[in-house]
Amino acid sequence: MVPNSDAVSAKEDADSATGQATWDPEQEALEALDRNDPKAALSILMEAYGQGVYRFIRQIVRDESMAEDLQQLTFVQAFEGFTRFNRRSSLRTWLLSIARHRSLDSLKSARRRRKRFLESEELPEAPAQEVRADDRLEEQSWAQALESCVQRLAPEARTAVLLRFQQSLPYSQIARMCGEEAGTLRVRVSRALPKLRQCLEGLGMTR
Amino acid sequence: MSRSNCERFEQEALVLLEESQSLDSHFEECTDCQEAMAMYRELTNALVDVGSSHEPHPQWQARVWAEIARRHESQPRLGWRVWLVPLGVAAALLMVLVLPGLLQQSTDPGTQIAGGVETAQAPGLRVAIEPVGSVYRSVGAAIGDRLRLEATTGDARHAELRVYRDADELVLRCSTEAPCQQADGKLTAEIDFPEPGTYQTVLLLASSPLPAPSGAGFEVDLDRLYEGEVEVLPGDQIRVE
């Protein structure tokens, strides 16, 4: 089984013809599915959304190797699940939903594994990045500090913040993806933002 | 990122902004709140690019294709049977259009379903939909219609019927206990469609005990089933309006 390069070529042709990005990966992938070409659809989705999905997963699971595995698993399961895609959401939202499920499952599994070897009842998540006080001003850039602070949020809050801002999804789609009310998610995000501010202050990051 | 004295912005305005609601005049007049607003605007703008310095593995796409190929090769039993689903549906539709009288008959005299629409399935699992009120319906289903599953399990030591709704909710799971029944080498079950959605029927066969559902939906369960070398025979997807 080899990847289908026609989909990628179509993108390049469109870009060169117009001199600007006019590529509509959603439409092209759906058309590929309509003509029963799941390989082409997957190629389009990987090209269009692979990087964004990876960065989303990376921020949730905080582990490079795990994020790589989960990114790949997301697209494998998307390929296997094309026949079940009901088009009630965009393909991108659907991919992020798969990615979210896999990422949170992995966090739960990792937590159970750690609990098996440690006796403490209340087991905090593994720290994202340990930042020493003397590192704060010299080695941590603001962007790195923000990334670290996002990773310190509780998983559900972290996911909501990422979907809202990193992935720029509307609350209606986030709510459907998470199976929660949009109002609940808005409150969760609005409560997470001060925590990010406090974390950044704690790292000595002032603007 | 200094903290202002007035805390109203954090306590009140953030959620109002997320709800796209307007703010009262205080937030325009309060210096602390104005500073907080600017700070949070910068913060949320920065969140758009959080993690942007990370790139996926350069060979990640190749790995995806390799895994798809590996999974395809490890499921030989499913290969040729996949074609029986669309062929069976085509045959069923042909019967509906040309020979309507045959709908009252069953290929298996012991499982006649009057007034029902039967969809042919891959060997091992047969699915039939009995419309509520015996109203004839050529395709699809409605809430309250009865879904009947009949599986032949062959020599599998462990067998299970499952039905998922919208790939998330497991609405049926049974083997030897209710609502399943076992008799004469067949495993049968019935449910009435409770809600709209897309229902996926599945027969699972294995020589060892089957993995329990994850509670995280069909896709996660599929992963576990394939890892456990379970034979997965999917039935039709049934759209319930």
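Visitor: Which side chains of chain A and chain B meet in a salt bridge?
Guide: R164(A) and E18(B) do, at 2.7 Å from N to O. A salt bridge puts a side-chain nitrogen of Lys or Arg within 4 Å of a carboxyl oxygen of Asp or Glu. This is a predicted model: local features need pLDDT of at least 70, side-chain atom pairs count only at pLDDT 80 or more, and totals for chains, interfaces and linings use all residues. Residues are numbered from 1 along each chain as its sequence is written, chains are lettered from A and ligands numbered from 1 in the order in which they are written, and side-chain values use heavy atoms, with hydrogens and water left out.

Visitor: How many salt bridges are there between chain B and chain A?
Guide: The count is 5.

Visitor: And how many residues are in contact?
Guide: 45 residues of chain B touch 54 of chain A. Contact means heavy atoms within 4.5 Å.

Visitor: New topic. How many disulfides over all chains?
Guide: There are 2. The rule asks for a pair of cysteine sulfur atoms within 2.5 Å. In chain A, C149(A) and C199(A) form one, with sulfurs 2.1 Å apart.

Visitor: Which helices hold C149(A) and C199(A)?
Guide: C149(A) lies in α6 and C199(A) in α9, so the pair ties together parts 50 residues apart in sequence. Helices here are DSSP runs (H or I, at least four residues), numbered from the N terminus.

Visitor: Is C149(A) buried or exposed?
Guide: Buried, at 2% relative accessibility. Buried means under 20% relative accessible area, exposed over 50%, partly exposed in between (1.4 Å probe, protein chains only).

Visitor: What does C174(B) join?
Guide: C180(B), by a disulfide with S to S 1.8 Å.

Key
Helices (H or I, at least four residues) and strands (E, at least two) are DSSP runs, numbered from the N terminus.
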